[in-house]
Amino acid sequence: MQIAILTLDGFNELDSFIAAGILNRMKSRGWAAHITCPTPEVTSMAGVTIKRQKPLEFLAEADAVLIGSGIKTRDYAADPTFLSRLSLDPSRQLIGAQCSGTLLLAKLGLIGDLPACTDLTTKPWVIEAGVNVVDAPFAAHGNVATAGGCLASQYLAAWMIARSATPRDAEEAIHYVAPVGEKAEYVQRAMAAVTPFLNVGETRAA
């Protein structure tokens, strides 16, 4: 299972790194989550500069794609040339987006009028793009999921693991990263958020 974590200039560290960290708990099963960027280096909203692990073209070959948010996402969403480089195929890929990343999915026509999640700052722009934004941390429809709020990245990761491995694997990954003394609560909360969207027959072998 090869996963692209789309990370753009001005990115939110919590979105990209939390999701990557949880998904890479599945490394022993052959999974790998890669920070994927359009340029060799990107700088976060807090000024942290990182080097990409995969180029933007990796999106087309990845088994799954997660799109994080950032302070420049609205600019990227308004750039037709950039959008044309985002090769996403929900018929064969699991695709998730967080906060302003939902705006990119909206611009690509991958949400339509289905209920979707985003952060409070991005909400007006996503609504303007024709999306029905709901007051919830996570929602999924088929192979496309959205989340709202920085720490909702754990829900995207849990959903992706539950869909492509098993719910038990998702529980174990969340349990590992959850605070000591609160692990059961964190696992319960994460699975309560994603389980309603794990339709019978959708879980796939890793």
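I looked up Phe138 and Trp159 and found both buried (buried is under 20% relative accessible area, exposed over 50%, partly exposed in between, with a 1.4 Å probe and protein chains only). I note that this is a predicted model, in which local features need pLDDT of at least 70 and side-chain atom pairs count only at pLDDT 80 or more, while totals for chains, interfaces and linings use all residues. Residues are numbered from 1 along each chain as its sequence is written, and side-chain values use heavy atoms, with hydrogens and water left out.

**Aromatic pairs**

I searched the whole structure for aromatic pairs and got four. The criterion takes rings of Phe, Tyr and Trp (its six-membered ring) with centres within 6.5 Å; planes under 30 degrees apart are stacked, over 60 edge-to-face, and the rest tilted. Phe11 and Phe17 make an edge-to-face pair, with 5.7 Å between centres and 75° between planes. I checked the exposure of the two: Phe11 is buried at 1% relative accessible area, whereas Phe17 is partly exposed at 36%.

For Phe138 and Trp159 I read 6.2 Å between the ring centres and 55° between the planes, so this pair is tilted. The pair links distant parts of the chain, 21 residues apart: Phe138 belongs to strand β10 (residues 138-141) and Trp159 to helix α6 (residues 153-164). Helices (H or I, at least four residues) and strands (E, at least two) are DSSP runs numbered from the N terminus. Ring pairs join Phe138, Trp159 and Phe197 into a cluster.

**Helix α6**

Twelve residues should give 16 Å, and the end C-alpha atoms are 17 Å apart, which agrees. Twelve of the twelve residues of α6 are buried, including Tyr155, Met160 and Arg163.

**Charges over rings**

I looked for NZ of Lys or CZ of Arg within 6 Å of a ring centre and within 35 degrees of the ring normal. Lys54 lies over the face of Phe58, 5.1 Å from the ring centre. Arg189 has its charged end over the ring of Tyr186, at 5.4 Å from the centre.

**The sheet**

I traced an open sheet of seven strands with mixed pairing, in the order β5-β2-β1-β6-β7-β11-β10. Two strands pair if DSSP finds at least two bridges between them. β5 (54-55) and β10 are at the edges with a single partner strand each, so one side of each has no neighbour in the sheet. β6 (residues 64-67) and β7 are parallel, over four bridges. Val65 is opposite Ile95 in β7.

Which loop holds Gln93? I placed Gln93 in the loop between α3 (80-84) and β7 (94-98). Gln93 is buried, with 0% relative accessible area. A polar atom of the Gln93 side chain is 2.9 Å from the backbone oxygen of Ala62, and the side chain also reaches the backbone nitrogen of Asp89 at 2.7 Å. Leaving out residues up to four places away in sequence, Gln93 touches residues including Leu59, Val65, Ser87 and Asn143 (contact means heavy atoms within 4.5 Å).

Cys99 is in the loop between β7 and α4 (101-107). I noted a positive phi of about 50° for Cys99, although it is not a glycine. Cys99 is buried at 4% relative accessibility.

Definitions and conventions. Polar contact = N/O pair within 3.5 Å; in protein donor to acceptor, adjacent residues only side chain to side chain. Expected span 1.5 Å × (residues − 1).
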